[in-house]
Amino acid sequence: MTRHAITVLGHDRPGIIAETTGRLAGLGLNLEDSTMTLLRGHFAMTLVCEGEAPDSEIEAALAPLGDDGTLTVTVRAVTTEPAYEVSGTPWVLTVHGGDRPGIVSAVVGEVARVGGNITDLTTRLAGDLYLLVAEIDLPTGTDVEALGTAVDRAAAALGVGATLREAEADDL
């Protein structure tokens with residue numbers, strides 16, 4: 001079996017997900033992981049599938065999605081990697097405030113410094129309000145209080161607020 005990473009990007013319209021996944025199912029591919037969102041009005045989807053179909057066959061099956069020039073589809077084989085082993089605890093980081101460059105890199109840089117792994121990250125700009133929500137796995141033994149202080153300091157330097165809290169069952 002081969003694992004494939006597929007991206008679909010472009011102008012949003014109803015039916016993209018249904019059409020894409022239907023074509024993949026028609027090739028006998030199993031959809032393992034996916035994410036879809038709208039980014040400033042543009043559709044963005046990434047899927048990881050596994051099956052026997054070669055990349056060229058998948059590309060041919062998905063080519064009609066881009067026939068009108070509004071969507072771009074890419075397909076590439078990816079190696080099978082062992083699942084990420086969570087060795088610590090799950091946390092949720094939220095950041096909110098006025099939009100400006102550098103918010104994401106400054107705040108998540110503090111998480112990276114302690115060996116934290118970001119497993120999901122979403123950002124949104126609503127008017128002038130910028131919002132970031134990240135799911136994080138922190139290594140066992142992380143000084144969470146010190147990390148929270150560092151995140152707060154980085155956020156304050158950019159004029160935004162931040163909250164780091166232990167994840168609850170309904171967060172994940």
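In this predicted model, helix H4 is followed by Gly159, a residue whose phi is positive, near 75 degrees. H4 spans residues 144–157, and its 14 residues reach 20 Å from the first C-alpha to the last, close to the 20 Å expected at 1.5 Å a residue. At the start of H4, the side chain of Asp143 places an oxygen within 3.3 Å of the backbone nitrogen of Glu145.

The two sides of H4 can be told apart by their surroundings. Leu147, Gly148, Ala150, Val151, Ala154 and Ala155 are buried. Viewed down the helix axis, the buried residues fall within an arc of 165 degrees, so they line one face of H4. Their cover includes strands E5 (88–98), E7 (129–139) and E8 (160–166), together with helix H3 (103–113). On the face turned away from the buried side sit Glu145, Arg153, Ala156 and Ala157, which are exposed.

Attention now turns to a sheet. Four strands form an open sheet in the order E2-E3-E1-E4, with antiparallel pairing. Strands E2 (30–39) and E4 (71–78) stand at the edges with a single partner strand each, so one side of each lacks a neighbour in the sheet. From one strand to the next, the twist averages 10 degrees. Strand E1 (residues 2–11) pairs with E4 over eight bridges in the antiparallel sense, and Ile6 stands opposite Val75 in E4.

Two helices accompany these strands. Helix H2 (residues 55–62) packs on the sheet and touches E1 and E4, its direction making about 165 degrees with that of E4. Helix H1 (residues 16–26) lies across E1, E2, E3 (42–51) and E4, running at about 15 degrees to E3.

Note on methods:
Residues are numbered from 1 along each chain as its sequence is written. This is a predicted model: local features need pLDDT of at least 70, side-chain atom pairs count only at pLDDT 80 or more; totals for chains, interfaces and linings use all residues. Side-chain values use heavy atoms; hydrogens and water are left out. The expected span of a helix is 1.5 Å times one less than its number of residues. Buried means under 20% relative accessible area, exposed over 50%, partly exposed in between (1.4 Å probe, protein chains only). The arc is that of the directions from the helix axis to the C-beta atoms. Contact means heavy atoms within 4.5 Å. A polar contact is a pair of N or O atoms within 3.5 Å; within protein, one must be able to donate a hydrogen and the other to accept it, and residues adjacent in sequence count only if both atoms are side-chain atoms. Two strands pair if DSSP finds at least two bridges between them. Axes are lines fitted to C-alpha atoms, for helices over the stretch in contact, and angles run from 0 to 180 degrees between N-to-C directions.
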